[in-house]
Amino acid sequence: MADSNLRIVFMGTPDFAVESLKALVENNKNVVGVITAPDRPAGRGQKLKQSPVKEYATSVNIPVLQPEKLKNEDFLAKLKALKADLQIIVAFRMLPEVVWNMPRLGSFNLHGSLLPRYRGAAPINWAVINGDKETGVTTFFLKHEIDTGNIIYQEKMPINDNDTAGSVHDKMMMLGADLVVKTVRDIEEGKVEALPQSNDENILKHAPKIFKEDCRVDWSKDSDSIRNHIRGLSPYPTAWTEFKMKNGKKISTKIFFAKADDNTSLSPGAIASDNKTYLTIGTVNGALSITQLQLAGKKRMTIEELLRGFDVEQLESVF
């Protein structure tokens, strides 16, 4: 091996990153430090909560740094003292050059798409929203422009018709962890030949951050587009709509899953239900049957659970 036992610093915060860190540890890679988000208040008691990455790192006795600012001189000194040969970034934040350019072998990122498709903050969501049948993971070396560095490796995976952003996330998390380990092994052995990303406008797509208004369902669209929109935002940040009551009030409702109802024809936003087993909403070219939802202030439930305690005849339409 040309460069065995590399000193690795790992950067990440959520559950998605934990699997990659765990895979590195279980494959005996020399992770000498972890960088993650500071502890934040959470829950009703607003007690400080550690990130999932910190929880795992401390459980296996890896030193953890939690900088508020990545250009802080004290943090940079501590990072330099770790003497990393290589940095690995999985679901972290944008890094300044002084950080990503510090290791002698550079820094590589794991991204949840087949770059250059879906550069940006929400690649999994947008792939499902757009009805893609395939996605994947990419490892690439960091450079100035976000998500544009030279590609090391990619692995593809299918998006099935009933996949949600959540199920794609979970499958991609495992696929990505394997690819991170493979990337490290080949960097150790001097096998990596990273290639520039394509600039073909037919391939390039962006995956910007998703805001609340982006999640609102537009019932004037076709059934496939609406269903993909719901799948691509489930379970988070979640598609939503408003039911209009006959008394004029509106109920904000999150929708987690819907299926096509080919036997029903309704005008966009119109509602049909038997008050027991189904609630169907019209679209421009058909209807969708809502199967999992959450009324404001209530827990997530199936449509059958909702209809046992809710009189759907109070509803007038969906906006």
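Which residue lies over the face of W240? I will come back to that in a moment, after a word on the whole structure, which, please keep in mind, is a predicted model.

The protein contains 8 helices and 16 strands, and along its principal axes the C-alpha trace spans about 70 × 50 × 30 Å. Of its 319 residues, 50% are buried, and the accessible surface comes to about 16200 Å², with 48% of that belonging to carbon and sulfur atoms. If we take the contacts between residues at least 6 apart in sequence, 65% of them join residues at least 24 apart.

Now to the opening question: the residue is K212, which lies over the face of W240 at 5.3 Å from the ring centre. A second case of this kind involves R300, which lies over the face of F256, at 4.0 Å from the ring centre. As for aromatic pairs, a search of the whole structure finds 0 of them.

Is S234 buried or exposed? Its relative accessible area is 3%, and because buried means under 20%, S234 counts as buried. A polar atom of the S234 side chain lies 2.9 Å from the backbone oxygen of F256. Setting aside its neighbours within four places in sequence, S234 is in contact with T164, A165 and G166, as well as with F256.

Notes:
Residues are numbered from 1 along each chain as its sequence is written. This is a predicted model: local features need pLDDT of at least 70, side-chain atom pairs count only at pLDDT 80 or more; totals for chains, interfaces and linings use all residues. Side-chain values use heavy atoms; hydrogens and water are left out. Buried means under 20% relative accessible area, exposed over 50%, partly exposed in between (1.4 Å probe, protein chains only). A polar contact is a pair of N or O atoms within 3.5 Å; within protein, one must be able to donate a hydrogen and the other to accept it, and residues adjacent in sequence count only if both atoms are side-chain atoms. Contact means heavy atoms within 4.5 Å. Rings of Phe, Tyr and Trp (its six-membered ring) pair if their centres lie within 6.5 Å; planes under 30 degrees apart count as stacked, over 60 as edge-to-face and the rest as tilted. A charge sits over a ring if NZ of Lys or CZ of Arg is within 6 Å of the ring centre and within 35 degrees of the ring normal. Helices (H or I, at least four residues) and strands (E, at least two) are DSSP runs, numbered from the N terminus. Accessible areas come from the Shrake-Rupley method with a 1.4 Å probe; for residues, only the protein chains shown count as cover.
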